[in-house]
Amino acid sequence: MPKFTVIVFYTASILITNWVVRNKLGYIHYDRGFITVVKAGHYFIYSQMYYHDARTNVMAHHTYINDERVLESVGSALTDKTKFSTKYHGGMFLLKANDTISVRIPYVRHYSMKSGASFFGAFLLYSGESN
């Protein structure tokens, strides 16, 4: 009888909900891990996570619009000497009113939520239509 090796990848993401809200202005609302856009337009969306975990080979975080992953940052293996690291990403997106933005982590379980170390947000660049 042939032997088979089954490799299972854990792909579930954990929604980060313990953000400290600061500098909230304009056409967005925050609630339990989600930024909700009030006014349609072109937004710059950004996020950074500060990782602290030497037990994993990969560190990453993803930014979602509604339930679609739109940005991803992935880092290489960490050791006890390099277990602290940050990953940042950002980009411009055309959003509709009531779209939601969130940040999720797929691998790392230890991260710092210090102000200035881990953050995410969005700001309106242009509220007109695309050409």
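Q: Strands here are DSSP runs (E, at least two residues), numbered from the N terminus. Which strand gives the most to the lining of the largest pocket?
A: β10, with six residues. The model is predicted: local features need pLDDT of at least 70, side-chain atom pairs need 80 or more, and totals for chains, interfaces and linings use all residues. Numbering runs from 1 along each chain as its sequence is written, and side-chain values use heavy atoms, without hydrogens or water.

Q: What counts as a pocket?
A: An open set of points on a 1 Å grid over the protein atoms alone, where a 1.4 Å probe fits, with protein on both sides within 12 Å along at least five of seven lines; lining residues have an atom within 4 Å of a point.

Q: How many residues line the largest pocket, and which lie nearest its centre?
A: There are 26. Nearest the centre are Arg22, Asn23, Tyr46, Phe120 and Gly121. β2 (28-31), β4 (41-52) and β10 (119-126) each supply at least two lining residues.

Q: Switching topic. How many aromatic pairs are in the whole structure?
A: Five. Ring centres must lie within 6.5 Å; planes under 30 degrees apart are stacked, over 60 edge-to-face, the rest tilted.

Q: Why is Phe44 with Phe123 called tilted?
A: Their planes are at 35°, so the pair is tilted; the centres are 5.5 Å apart. Phe44 is in β4 and Phe123 in β10, 79 residues apart.

Key. Helix = DSSP H or I, 4+ residues; strand = E, 2+ residues; numbered from the N terminus. Phe/Tyr/Trp six-rings, centres within 6.5 Å; stacked < 30°, edge-to-face > 60°.
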